[in-house]
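I set out to record what I looked up in this structure, entry by entry.

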Amino acid sequence: MALAFGTDLTGKVAVVTGAGGVLCGMFAKTLAEAGAKVAVLDLNEEAAQAVADEITEAGGTAKAYKANVLEKDSLEATHAKVLSELGPCDILINGAGGNNPRATTTKEYFELGDIESDTISFFDLDQKGVEFVFNLNFIGTLLPSQVFAKDMIGREGCSILNVSSMNAFTPLTKIPAYSGAKAAISNFTQWLAVHFSKVGIRVNAIAPGFFVTKQNEKLLFNEDGTPTARTAKILAATPMGRFGEAEELNGALLFLLNNAAAGFITGVVIPVDGGFASYSGV
């Protein structure tokens, strides 16, 4: 990556939540390549450490931290460590999130007889499962923002980047809680951008289309590696006809964090979706 698309983050401290995963782990590595010192946060400390090790082995600066984005005490304790070991946060990537099978219907459409069948219909969605999905995505973005944005007040070039989804624009079938939670993230991004506009903190989001991750792999591919029927529908609705490659999120990521290039941009949600949002299906 040629100087990280022209974005130089030397001297910046970047905090990335959910950084033990595929996409957010890549974000952490990309920020390190751009010169940032990266705090790699994840509930899975081993996964976070693996990402931090990759960064340091490549010559970057990173430290792994176990943190629960749903517990403010956990985040406050992590914040204290980051301050001591890396310095005050300049960039916060709110990447922690995900779906849960308990908040997912079996079928796309409700049909007569589904209540008596063994499928999970809308009426069978588990309240605690739905609450978990909303909390993980929305509260898991709000709490880290409360904790780490305090470092940014009154300092130049600071920003928050949230991870929304194409679900936020048009809800996908089967996953009402996840779609609703990501819509909340997009709305919260706009709200927070306005709220922090007088103290110089920019707040934006990226909305990935369809990328293969550990979380959705089983929905997209059968055990033998062949694509599922859902994959066929996704690709048919994506004009570019393929899944995105993780690295294709880096351009939007680094552009929005580049204060020289995007210093007057706040409150936007940028789709990175291969044309999915533009295609009507005909």
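**Entry 1, the largest pocket.** I first listed which elements line the largest pocket: α2, β2, α5 (127-148), α6 (176-195), α7 (217-220) and α8 (229-236) each supply at least two residues of the lining. Among the contributors, α2 gives the most, with 4 residues. I noted that the model is predicted. The lining comprises 50 residues, and those nearest the pocket centre are Gly97, Gly98, Asn99, Thr213 and Gln215. I then sorted the lining by class and found 25 nonpolar, 20 polar and 5 charged residues. The computed volume of this pocket is about 1400 Å³.

I recorded a volume of about 400 Å³ for the second largest pocket. Its lining has 18 residues, with Leu172, Phe210, Lys233, Ala237 and Phe276 nearest the centre. By class, I counted 11 nonpolar, 4 polar and 3 charged residues in this lining.

Which residues have the most contacts inside the largest nonpolar core? I found Phe27, Leu31, Val38, Val40 and Ile93, in a core of 35 residues. At least two residues of this core come from each of β1 (13-16), α2 (22-33), β2 (37-42), α3 (45-57), β3 (61-66), β4 (91-94), β5 (159-163) and α9 (250-257). The element that gives the most to the core is α2, with 7 residues. I also noted another core lying apart from this one, with 27 residues, including Val15, Leu92, Leu136 and Phe196.

I looked up the contacts of Val40, leaving aside its neighbours within four places in sequence. Val40 is in contact with Val16, Ala19, Ala28, Ala48, Val51, Ala52, Ile55, Ala62, Lys63, Ala64 and Tyr65.

Is Ser74 buried or exposed? I located Ser74 in helix α4 (residues 72-85). The relative accessible area of Ser74 is 19%; because buried means under 20%, I recorded Ser74 as buried. Leaving aside its neighbours within four places in sequence, I found Ser74 in contact with Lys66, Ala67 and Asn68.

Note on methods
Residues are numbered from 1 along each chain as its sequence is written. This is a predicted model: local features need pLDDT of at least 70, side-chain atom pairs count only at pLDDT 80 or more; totals for chains, interfaces and linings use all residues. Side-chain values use heavy atoms; hydrogens and water are left out. A nonpolar core is a set of buried Ala, Val, Leu, Ile, Met, Phe, Trp, Tyr and Cys residues joined through side-chain atoms within 4.5 Å. Buried means under 20% relative accessible area, exposed over 50%, partly exposed in between (1.4 Å probe, protein chains only). Contact means heavy atoms within 4.5 Å. On a 1 Å grid over the protein atoms alone, a cavity is a set of points where a 1.4 Å probe fits but cannot get out, and a pocket is an open set with protein on both sides within 12 Å along at least five of seven lines; lining residues have an atom within 4 Å of a point. Grid points are joined across faces, edges and corners, and a volume is the space filled by probe spheres set on the points. Ala, Val, Leu, Ile, Met, Phe, Trp, Tyr, Cys and Pro count as nonpolar, Asp, Glu, Lys and Arg as charged, and the others, Gly among them, as polar.
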